[in-house]
Amino acid sequence: MDLEDLAKRIRHACLEAVLQAYEDAGVQGLCAEGRWEAAVSALRTVELAPLLREFKQPSADSSSDL
């Protein structure tokens with residue numbers, strides 16, 4: 001995975017969390033402000049460590065190029 005791919009995956013993870021939280025809050029009957037607060041809270045809890053660990057690990061393809 002290259003740096004651009006990592007950035008895209010992080011963006012996707014964040015957007016998915018925000019959109020899902022906003023939608024769930026709406027289903028629960030929260031007002032717009034409450035939905036926004038739920039979305040921001042979800043963004044704060046997005047787990048990025050697995051993506052970063054994957055980025056740090058060399059791929060099998062890159063080791064065969066040596």
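The model is predicted: local features need pLDDT of at least 70 and side-chain atom pairs count only at pLDDT 80 or more, while totals for chains, interfaces and linings use all residues. Residues are numbered from 1 along each chain as its sequence is written, and side-chain values use heavy atoms, with hydrogens and water left out.

**Overall make-up**

The protein chain contains four helices and zero strands, in the order α-α-α-α from the N terminus. Helices (H or I, at least four residues) and strands (E, at least two) are DSSP runs, numbered from the N terminus. Buried residues make up 14% of the 66 residues of the protein chain. Here buried means under 20% relative accessible area, exposed means over 50%, and partly exposed lies in between, with a 1.4 Å probe and protein chains only. The protein chain exposes about 5200 Å², of which carbon and sulfur atoms supply 55%. Accessible areas come from the Shrake-Rupley method with a 1.4 Å probe; for residues, only the protein chains shown count as cover.

A contact means heavy atoms within 4.5 Å. Among the contacts in the protein chain with a separation of 6 or more, 59% join residues 24 or more positions apart.

**Helix α1 and its cover**

Helix α1 covers residues 3-27, which is 25 residues. At 1.5 Å a residue it should span 36 Å, and its end C-alpha atoms are 36 Å apart, which agrees. The expected span is 1.5 Å times one less than the number of residues. After α1 comes Gly29, whose phi is positive, near 90°.

The buried residues of α1 are Leu6, Cys14, Ala21 and Ala25. Their cover includes α2 (32-44) and α3 (49-56).

**Packing of α1 with α3**

Two packed helices are described by the angle between their axes and the distance between the axes. The axes of α1 and α3 come within 10 Å and cross at roughly 170°. Axes are lines fitted to C-alpha atoms, for helices over the stretch in contact, and angles run from 0 to 180 degrees between N-to-C directions. The two helices α1 and α3 are therefore roughly antiparallel to each other; angles over 145 degrees count as such, those under 35 as roughly parallel, 65 to 115 as roughly perpendicular and the rest as oblique.

On the α1 side, the contact is made by Leu3, Leu6, Arg9, Ile10 and Ala13, and on the α3 side by Leu51, Leu52, Glu54 and Phe55. These residues of the contact of α1 with α3 divide into seven nonpolar, no polar and two charged. In this grouping Ala, Val, Leu, Ile, Met, Phe, Trp, Tyr, Cys and Pro count as nonpolar, Asp, Glu, Lys and Arg as charged, and the others, Gly among them, as polar.

**Individual residues**

Ala21 is in helix α1 and is buried, with a relative accessible area of 14%. Leaving aside neighbours within four places in sequence, Ala21 is in contact with Ala38, Ala39 and Ala42. Ala17 also lies in helix α1. Not counting residues up to four places away in sequence, Ala17 touches Ala42 and Val46.

Leu19, in helix α1, is exposed, with a relative accessible area of 54%. Arg44, in helix α2, is exposed too, at 71%.

| Pair | Apart along the chain | C-alpha to C-alpha |
|---|---|---|
| Ala17 and Leu43 | 26 residues | 6.1 Å |
| Ala21 and Ala38 | 17 residues | 5.9 Å |
| Arg44 and Val18 | 26 residues | 9.5 Å |
| Leu19 and Leu43 | 24 residues | 9.6 Å |
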